[in-house]
Amino acid sequence: MCQVMFYREFKSLLFVSALAVLFLSSCQSTQNFTSPLPAEYSISASKSSASGYKNVKRVKQYEFAHRDVPASFDGCRLAFVSDLHYRSLLKEEGLGDITRLLNDLKADALLIGGDLHEGCGYVPDVIAALGAVKTPLGTYAVLGNNDYEACYDDILKEMERQGIRLLEHKVDTLKRNGERIVIAGVRDPFNLEQNGQSPTLSLSPDDFVILLTHTPDYAEDVPITNTDLVLAGHTHGGQVTLFGLYAPIIPSHYGQRFLTGLRYNSNNTPIIITNGIGTSNKNIRLFAPSEVVVITLKRLK
């Protein structure tokens, strides 16, 4: 009898805890991070519910102040989305809502982190949805492992059709009032034999440089000299986690280290890792909410 009562109490406690975590994760909150290099940059983060947009649970916002951000880019907003895996958990209605949300955010540029599809027949629709997002400074993308494993030529054709700039070990610039920031993109970060030299190595340390890579592991696997900020996806925030604190399975050879959110490599370069939108394998998320990320750049005073 006592054992039965214990299990009932335990299940009740677990249920209440789950509700509490879900409630807290849906509320707006703000965090300030102490930078390992305070004279170089500072970061704050907040999150808010994305209610009204199907298949996106929240918008995660970061304010990133850095000494190399040009004055013309103070206040520049970059939207970052990754791992749509269309059609997995993400279906047609949700895909349209992602376009709507990204346009409603009024970002200055859109950055895409790869793993776009779950079948070649879905490639035109998902890339058209991303191409329908209008930003003053354009849309830039890298590809993920799913994209290299299948439909690569289709993706290239559709991105060219939609005016999305694919950065496969290439560098591009965003320009404002005669000043610039640099976006560098990694080609297939899992093939280090071919791509083990970061495209940032030849850049100037005086430029503000964002490195776009599908997996955060790349920022630890190889030197990413001259990089000021890394944006990555791939982990899905664990996809299925224990209250968001621990993921039994995570596609990273660094374990929980690069699970989600703001992390750092061994050289204290900040890495923002998004949970992404869709799912791989089983179409379920547990305490790993789907999200869109917005980074607001500030010039460090």
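Two residues are said to be in contact here when they have heavy atoms within 4.5 Å of each other. The structure is a predicted model, in which local features need pLDDT of at least 70 and side-chain atom pairs count only at pLDDT 80 or more, while totals for chains, interfaces and linings use all residues. Residues are numbered from 1 along each chain as its sequence is written, and side-chain values use heavy atoms, with hydrogens and water left out.

A word on confidence comes before the details. pLDDT is the predictor's confidence in each residue, on a scale from 0 to 100. The chain averages 91 on that scale, and 88% of the residues score at least 70. Residues 1–27 are another matter: pLDDT there is below 50, and the stretch has eleven contacts in the model beyond near neighbours in sequence. Where pLDDT is low, the predicted coordinates should not be read in detail.

Burial is judged by relative accessible area: under 20% is buried, over 50% is exposed, and anything in between is partly exposed (1.4 Å probe, protein chains only). A salt bridge needs a side-chain nitrogen of Lys or Arg within 4 Å of a carboxyl oxygen of Asp or Glu. In counting charge, Lys and Arg are positive and Asp and Glu negative, with His and the chain ends not counted. Arg285 is buried yet has no salt bridge, and Asp83, the nearest side chain of opposite charge, is 7.0 Å away.

What the Arg285 side chain does reach is backbone: the oxygen of Ala288 at 2.6 Å and the oxygen of Asn275 at 2.8 Å. Both are listed as polar contacts, that is, pairs of N or O atoms within 3.5 Å; within protein, one atom must be able to donate a hydrogen and the other to accept it, and residues adjacent in sequence count only if both atoms are side-chain atoms. Leaving aside neighbours within four places in sequence, Arg285 is in contact with Leu89, His236, Gln239, Asn275, Gly276, Ile277, Gly278, Thr279 and Ser290.

Elsewhere, charges do pair up, and the structure holds seven salt bridges. One of them joins Asp108 and Arg176, at 3.0 Å from N to O. This pair links distant parts of the chain, with Asp108 in the loop between α2 (92–104) and β5 (109–112) and Arg176 in strand β8 (residues 170–176), 68 residues apart. Asp108 is buried at 13% relative accessibility, whereas Arg176 is partly exposed at 21%.

Arg180 and Asp207 form another salt bridge, their closest N and O atoms being 2.7 Å apart. Here strand β9 (residues 179–185), which holds Arg180, is linked to Asp207 in the loop between α6 (192–195) and β10 (209–212), and the two residues are 27 apart. Arg180 is partly exposed at 38% relative accessibility, and Asp207 is buried at 14%. Glu220 likewise bridges to Arg257, with 3.2 Å between the closest N and O atoms. Glu220 belongs to helix α7 (residues 218–221) and Arg257 to the loop between β11 (229–232) and β12 (261–264), 37 residues apart. Arg257 is partly exposed, at 32%.

Rings of Phe, Tyr and Trp (its six-membered ring) pair if their centres lie within 6.5 Å; planes under 30 degrees apart count as stacked, over 60 as edge-to-face and the rest as tilted. The count comes to six aromatic pairs. In one of them, Tyr86 and Tyr122 have ring centres 5.7 Å apart and planes at 70 degrees, so the pair is edge-to-face. Tyr86 lies in the loop between β4 and α2 and Tyr122 in the loop between β5 and α3 (123–131), so the pair ties together parts 36 residues apart in sequence. Tyr86 is buried at 2%, while Tyr122 is partly exposed at 28%. Tyr41, Phe64 and Phe208 form one aromatic cluster.

Most residues other than glycine have a negative phi, and most peptide bonds are trans. Tyr86 and Arg87, however, are joined by a cis peptide bond, with omega about -5 degrees. Phi is positive at Asn226, near 80 degrees, and at His234, near 75 degrees. Asn226 is in the loop between α7 and β11 and is buried at 16%; His234 is in the loop between β11 and β12 and is buried at 10%.

Terms used: Helix = DSSP H or I, 4+ residues; strand = E, 2+ residues; numbered from the N terminus.
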